Amino acid sequence: QVQLVESGGGLVQAGGSLRLSCTASGRTFSAQTMGWFRQAPGKEREFVSATRWIGRNTYLADYADSVKGRFTISRDNAKNTVFLQMNSLKPEDTAVYYCAATTQPRPNPVSAASYDYWGQGTQVTVSS
């Protein structure tokens, strides 16, 4: 069982930055695919970013087109924590952001169905 605890959401003006954190329990964090998703009111949950372990000490990052160049995902395996640095925020980034984890080998990182564990969500509000 993996528990995920998110933090770092808040209210920011357009053009500003926030950094989300997600700390996971469990001993296999380094091998887990960790993802960030978001859900705006009245909309489907959508993929934002993921970090995938592909072997040895190598990870790949994936991003939704809407956040490429503005968001950066990173992880600190020693602290079982994944981060999402969000820069140049736009009002359309407003949503509840969820951290997700899976221990499945070779998951599809952009599909919510690939993830076994979810955090409680943290609200990000970007004002215009």
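What percentage of the 128 residues of the protein chain count as buried? In this predicted model, the share of the 128 residues that count as buried is 44%.

**Overall fold and dimensions**

- Read from the N terminus on, the elements of the protein chain follow the order β-β-β-β-β-β-β-β-β-β-β, and the radius of gyration is 14 Å, close to the 14 Å that the globule rule gives for 128 residues, so the chain is as compact as a globular protein of that length.
- Taken along the principal axes, the box filled by the C-alpha atoms of the protein chain is roughly 40 × 25 × 25 Å.
- Where contacts join residues at least 6 apart in sequence, 57% of them link residues at least 24 apart.

**Surface and charge**

- The protein chain exposes about 6700 Å², and 47% of this area is supplied by carbon and sulfur atoms.

**The largest nonpolar core**

- The largest nonpolar core holds 31 residues, among which W36, L84, M86 and Y97 touch the most other members.
- At least two residues of this core come from each of β3 (18-24), β4 (33-39), β5 (46-55), β7 (71-76), β8 (81-86), β9 (95-102) and β11 (122-127), and the largest share, 5 residues, is that of β9.
- Leaving aside residues up to four places away in sequence, M86 touches G16, S17, L18, L20, R70, F71, Y97 and V124; of these partners, Y97 is also named with M86 among the residues that touch the most other core members.
- In soluble globular proteins, nonpolar side chains tend to be buried together.

**A64, between β6 and β7**

- A64 is found in the loop between β6 (58-63) and β7, and its relative accessibility is 12%, below the 20% limit, so A64 counts as buried.
- When residues up to four places away in sequence are not counted, the contacts of A64 are with F47 and V48.
- From A64 to R52, which are 12 residues apart in sequence, the C-alpha to C-alpha separation is 14 Å.

- Most residues other than glycine have a negative phi.
- R56, a residue other than glycine, has a positive phi near 50°, and N80, although not a glycine either, has a positive phi of about 50°.
- R56 lies in the loop between β5 and β6, and because its relative accessibility is 81%, over the 50% limit, R56 counts as exposed.
- N80 has its place in the loop between β7 and β8, and because its relative accessibility is 17%, which is under 20%, N80 counts as buried.
- Setting aside residues up to four places away in sequence, N80 touches C22, T23, A24, S25, G26 and F29.
- N80 and G9 are 71 residues apart along the chain, and 19 Å separates their C-alpha atoms.

Note on methods. Residues numbered from 1 in each chain as written. Predicted model: local features only at pLDDT ≥ 70, side-chain atom pairs only at ≥ 80, totals over all residues. Heavy atoms only, no water. Core = buried A, V, L, I, M, F, W, Y, C linked by side-chain atoms within 4.5 Å. Buried < 20%, exposed > 50% of the residue type's maximum accessible area, 1.4 Å probe, protein only. Helix = DSSP H or I, 4+ residues; strand = E, 2+ residues; numbered from the N terminus. Contact = heavy atoms within 4.5 Å. Rg over C-alpha atoms; globule rule 2.2 N^0.38 Å. Areas by Shrake-Rupley, 256 points an atom, 1.4 Å probe, with all protein chains shown as cover.
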